[in-house]
Amino acid sequence: MTLTELKQRSLLGLKELDKEEIESILDRAAYWENHSSKVHQVSQGKFAANMFFENSTRTRFSFEVAEKRLGAEVINFSAAASSVEKGESIYDTVRTLESMGIDVGIIRLKPSGVLAELATSIKVPLINAGDGNNEHPTQALLDLYTMRKQFGSLKGLNVSIVGDILHSRVARSNLYALRKFGANVNFCAPSNMQAADLDAPYVSIDEAIKADVVMMLRVQLERHASGMLNSAESYRENYGLTVARAEKIAKHAIIMHPAPVNRNVEIDSELVEHPQSKIFPQMQNGVPIRMAVIERALG
Ligand code: CP
């Protein structure tokens, strides 16, 4: 296999991935979701390294479950328990694991853009598990999968993404992918959490909750300059999905959130497991999506 072919198996973002490729990942995820046995040996003898330089629960563990369900050998790397603590660079860390013979690297990084740079020098396929505020492609794939399962098609779907758009890699990946399928995406955010690099229109919260999909985003306090969020109460009042607002959403509409959730800030606690909420199904769908992505990377 040539280096170019190997690199085509990477998944760095959805902006550059064509619609057919995304569709084939969603279809393969449906295959895995409907497969009755839990463990398969399609990736037996392959080594997958989960390299998380930033904390994660859902992404990290669903990649691990996905890799194990495919029969791969799994290596879990956590920056806090590694030589990164002694000052080793991200590049040297990834090169170290590559030199040991891994077949795919799943990487989450805090700074945006480092992943793209790494991908120019690392030869094994790399999968973006969250890249600063740039992209989170497997999250958006599982979001699209959840919407497609609910509505059958993404074409013409009205999707509102509400919250901290500025710091959201989830909003970016969803916007890029949903538009390829003909969905209409609106954003809703306070002015200091709007993203100048994205061209989706901003609407009021009353308008946003009229959509087929109301996707709430976490207020990412860890990425904020000080003073961005005046008070959790006023954010909830102006931009949160409250119980009163949820009563106004359409009966066919769904509530989504990539999680982790700040309960009673961007979404009221009672709504997390509301009958129209897909928050836990989203997490469930993350496993077949990541199986499809890992399988594609390993060939
Ligand atoms: N949605 C998401 O990326 O969650 P984690 O940060 O827990 O992986």
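Biologist: Which residues line the largest cavity?
Modeller: This is a predicted model. In it, the count comes to one cavity of 30 Å³ or more. The residues that line the largest cavity are R58, Q139, L142, H257, P258, Q282, M283 and R290.

Biologist: How much space lies in the largest cavity?
Modeller: A lining residue has an atom within 4 Å of a grid point of the cavity, and R58 and M283 are among the residues that line this one. The space in the largest cavity is about 40 Å³.

Biologist: Which residues surround the ligand?
Modeller: The ligand takes up the space of the largest pocket. The shell around the ligand divides into three nonpolar, five polar and two charged residues. The residues surrounding the ligand are S56, T57, R58, T59, R108, H136, Q139, P258, A259 and P260.

Biologist: Which residue has a backbone N or O atom 2.8 Å from a nitrogen atom of the ligand?
Modeller: T57 has a backbone N or O atom 2.8 Å from an oxygen atom of the ligand. In R108, a polar side-chain atom lies 2.9 Å from a ligand oxygen atom. The residue with a backbone N or O atom 2.8 Å from a ligand nitrogen atom is A259.

Biologist: How much of the ligand's accessible area does the protein cover?
Modeller: On its own, the ligand has 250 Å² of accessible area. The part of this area that the protein covers is 91%.

Terms used: Residues are numbered from 1 along each chain as its sequence is written. This is a predicted model: local features need pLDDT of at least 70, side-chain atom pairs count only at pLDDT 80 or more; totals for chains, interfaces and linings use all residues. Side-chain values use heavy atoms; hydrogens and water are left out. A residue is near a molecule or strand if one of its heavy atoms lies within 4 Å of it. A polar contact is a pair of N or O atoms within 3.5 Å; within protein, one must be able to donate a hydrogen and the other to accept it, and residues adjacent in sequence count only if both atoms are side-chain atoms. Accessible areas come from the Shrake-Rupley method with a 1.4 Å probe; for residues, only the protein chains shown count as cover. On a 1 Å grid over the protein atoms alone, a cavity is a set of points where a 1.4 Å probe fits but cannot get out, and a pocket is an open set with protein on both sides within 12 Å along at least five of seven lines; lining residues have an atom within 4 Å of a point. A molecule sits in a cavity or pocket if more than half of its atoms lie within 2 Å of its grid points. Ala, Val, Leu, Ile, Met, Phe, Trp, Tyr, Cys and Pro count as nonpolar, Asp, Glu, Lys and Arg as charged, and the others, Gly among them, as polar. Grid points are joined across faces, edges and corners, and a volume is the space filled by probe spheres set on the points.
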